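Below are my notes on the model, as numbered points.

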Amino acid sequence: MIDTLIHARWIVPVIPEQKVFENCSLAIDGGKILALLPSAEASERYRAKEEIRLDRHALIPGLINTHTHAAMTLLRGLADDRPLMEWLEQHIWPAEQKWVNPEFAADGSRLAMAEMLRSGTTTFSDQYFFPEATAAAAREAGMRAQIAFPVIDFPTPWSRDGDDALEKGLALRDDYRAHERVGVVFAPHAPYTVGDTTLEKIAIYAAELQVPVQMHLHETTSEVERALAETGERPTERLQRLGLLGPQTLCVHMTAVNERDIELLRESGAHVAHCPKSNLKLASGFCPVDRLLAARVNVALGTDGAASNNSLDLFSEAGTAALLAKATSGDASALPAHRALAMATINGARALGIEDTAGSLEVGKSADLAAVDLSALEQQPLHDPVSQLIYTNCGQRVTDVWVAGRQLLKGRQLQTLNEVELVQRAREWRDRIAGLV
């Protein structure tokens, strides 16, 4: 007797690589994967409290969004079509100073989680103000989350300076030290907002506590040029000098990259969070995914915030990443569908340091799953289910999602979040920000 038995038309485990199992089943017990085996054998071997048949579906690992700013869903569509620094300095930062508070962070994070669940994401890494509100929302909703608390050397809505942010963030980490789904890590914001003294402190804490570090890095050419003009160092070189570039480091964006940067990433074991749609929208540049992968650098996917994307659909992100890699490299085989799916799953797990828990459908791992209905007209005819997953906008075809064996989306219906309430709260925030109330 087990908890759950899911029979699926296709199962894409991600590990082993390039494998698609047909007419097989996943046995789940105690929130973990017990077995992956042919459906006929599964029915003979197990009796389940709940048995689910997904005859038109592909069952895959839950997607892993390695970089977002969840609460910024409430700023979706605000000040669109502007370059990065103008967008930040003249529009987003002033809006944040005026409106962002714990209520904003909680409401925006719940809206973001609902959107992510409905498009197959089970784990997200979030970097935003009032991280305690996002952590609590993730705990209540049942999602897996890495809360990367922001460290900035000047005043923000959440902290007075870098030291205040570190004090608050370390206290939050203590609160969630033993939580099975929610973890807390360091997030120095960017090279231009955090000085060496603060970065050195983070390097010491991260090494002592064995805690990951996430940072916006090489987001634009102007960022790198500014660093060279002010310090004579590229940002990657600076992080290496300060002891912050290593296997626990997740470098977000990495568009303005040369061979020396790639060498430092490879030698250090650092990871890259590729956010193609946000980079495209802000004209920030192109991350050289093909060259990074060829150098054996682990590249994962992030959506960035909904204010600069404007979607949190990681299927869309994977499809965009695959197409962009082909276009920028001039090689149609630069990023095949299977590898794009790996970037959205197991590569993301590696980047967040949770590859023993999530990212693939392997025995002993947490049952973090997404089921995608591939029977629609837009997916026909179906020659290759993985190709359809990546190239045919499958985020809207996700019907069911589980985290640690608990069903959070059932037949497109959210189970732990109230859709009507979320939409109403979003509209109320829109009216406040627009000055209508």
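1. Helix α3 passes helix α4 in a right-handed crossing (right-handed if the near helix is turned clockwise from the far one by less than a right angle, left-handed if anticlockwise). The axes of α3 and α4 (residues 131-141) come within 8 Å and cross at roughly 40 degrees. That makes α3 oblique to α4. For the class names, angles under 35 degrees count as roughly parallel, over 145 as roughly antiparallel, 65 to 115 as roughly perpendicular and the rest as oblique. Axes are lines fitted to C-alpha atoms, for helices over the stretch in contact, and angles between N-to-C directions run from 0 to 180 degrees. Helices (H or I, at least four residues) and strands (E, at least two) are DSSP runs, numbered from the N terminus.

2. On the α3 side, P102, A105, A106, S109, R110 and M113 meet A133, T134, A137, A138, E140 and A141 of α4, where contact means heavy atoms within 4.5 Å. By class, the contact of α3 with α4 has eight nonpolar, two polar and two charged residues. Here Ala, Val, Leu, Ile, Met, Phe, Trp, Tyr, Cys and Pro count as nonpolar, Asp, Glu, Lys and Arg as charged, and the others, Gly among them, as polar.

3. This is a predicted model, in which local features need pLDDT of at least 70 and side-chain atom pairs count only at pLDDT 80 or more, while totals for chains, interfaces and linings use all residues. Residues are numbered from 1 along each chain as its sequence is written, and side-chain values use heavy atoms, with hydrogens and water left out.

4. Helix α3 (residues 102-118) also packs on helix α16 (residues 419-433), at an angle of about 130 degrees and with the axes 10 Å apart. The pair is therefore oblique, and the crossing of α3 and α16 is left-handed. From α3 the contact takes E103, F104, D107, R110, L111, A114 and R118, and from α16 it takes E419, L422, R425, A426, W429, R432 and I433. The contact of α3 with α16 divides into seven nonpolar, no polar and seven charged residues. R110 is listed in the contact with α4 and in the contact with α16.

5. Helix α5 (residues 162-175) and helix α6 (residues 196-209) pack at about 15 degrees, with their axes 11 Å apart. They are therefore roughly parallel to each other, and α5 passes α6 in a right-handed crossing. G162, D163, L166, L170 and R173 of α5 make the contact with T198, K201, I202, Y205 and L209 of α6. Its residues are five nonpolar, two polar and three charged.

6. Does the length of helix α12 (residues 314-329) agree or disagree with its number of residues? At 1.5 Å a residue, its 16 residues should span 22 Å, and the end C-alpha atoms are 22 Å apart, which agrees. The expected span is 1.5 Å times one less than the number of residues. Helix α12 is mostly covered, with 12 of its 16 residues buried (buried means under 20% relative accessible area, exposed over 50%, partly exposed in between; 1.4 Å probe, protein chains only). Among the buried residues are F315, E317 and K326.

7. S278 lies in helix α10 (residues 276-281) and is buried, with a relative accessible area of 0%. Leaving aside residues up to four places away in sequence, S278 touches T303, D304, S308 and E317. S278 and R266 are 12 residues apart in sequence and 24 Å apart in space, C-alpha to C-alpha.

8. Most residues other than glycine have a negative phi, and most peptide bonds are trans. The bond joining N309 and N310 is cis, with omega about 15 degrees; N310 is in the loop between β12 (299-301) and α12. The peptide bond from Q380 to P381 is also cis, with omega near -10 degrees, and P381 is in the loop between β13 (369-373) and α15 (385-391).

9. N393 is not a glycine but has a positive phi of about 50 degrees. N393 is in the loop between α15 and β14 (398-403) and is exposed, at 60% relative accessible area. A404 has a positive phi near 55 degrees. A404 is found in the loop between β14 and β15 (406-410) and counts as partly exposed, at 30% relative accessibility.
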